[in-house]
Amino acid sequence: MTEKELLFDKAKKDSINSYSPYSHYIVSASILHKDGTIISGQNIENASYGLTMCAERIALFKSRSMGYKNDDIVSLLIYTPIKDSKPYPCGACRQVMVELMNMDSTIYIANDDLIEEHKVSDFMPFSWELKQ
Ligand code: THU
């Protein structure tokens, strides 16, 4: 299987772990690391809506808290089973991607009918960063 297929299968399989009783919009993100490890995260909602956390941020925070660094990440795939929907990352997730991934790492956007391929830099061409 290709990198893309492995990531797609993991995100799709784990999409059952999305907790989205309010929006009913399921998102699942998977990350491939250079050591071959693939992890995933799903959107987790809350009755206090603003506390909801996006799937790709959960996946990136999981990766980081497992000890992985920017250079260890090969690619991230964002999947939704919602027909004809392309799960492009929200603004907050883009800012986190810039911090925890390299700008030339691959981002796949997927649903059951398509997989688009992009780079982190495509989503955040002029990003905020502190130079100290
Ligand atoms: N969502 C994500 O998981 N990722 C994004 O980049 C944008 C939105 C989730 C949050 C919420 O549970 C649902 O999609 C609807 O907004």
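**Reading the ligand site**

Reply: In this predicted model, the largest pocket has a volume of about 180 Å³.

Me: Where does the ligand sit?

Reply: A molecule counts as sitting in a pocket if more than half of its atoms lie within 2 Å of the pocket's grid points. In this structure the ligand sits in the largest pocket.

Me: Which residues surround the ligand?

Reply: A residue belongs to the surroundings if one of its heavy atoms lies within 4 Å of the molecule. Among those around the ligand are Ser-23, Thr-52, Ala-55, Tyr-88 and Pro-89. The shell divides into 7 nonpolar, 3 polar and 2 charged residues.

Me: Which side chains have an N or O atom placed by an oxygen atom of the ligand?

Reply: For polar contacts, look for N or O pairs within 3.5 Å. The side chain of Glu-45 has an N or O atom 2.5 Å from a ligand oxygen, and a polar side-chain atom of Glu-56 is 2.6 Å from a ligand oxygen. Cys-90 contributes through its backbone: an N or O atom there lies 2.9 Å from an oxygen of the ligand.

Me: How much of the ligand does the protein bury?

Reply: The ligand taken alone exposes 370 Å², and the protein buries 76% of that area.

Terms used:
Residues numbered from 1 in each chain as written. Predicted model: local features only at pLDDT ≥ 70, side-chain atom pairs only at ≥ 80, totals over all residues. Heavy atoms only, no water. 1 Å grid on protein atoms, 1.4 Å probe; cavity = no way out; pocket = protein on both sides within 12 Å on 5 of 7 lines; lining within 4 Å. Points joined across faces, edges and corners; volume = space filled by probe spheres on them. Polar contact = N/O pair within 3.5 Å; in protein donor to acceptor, adjacent residues only side chain to side chain. Areas by Shrake-Rupley, 256 points an atom, 1.4 Å probe, with all protein chains shown as cover. Nonpolar A, V, L, I, M, F, W, Y, C, P; charged D, E, K, R; others polar.
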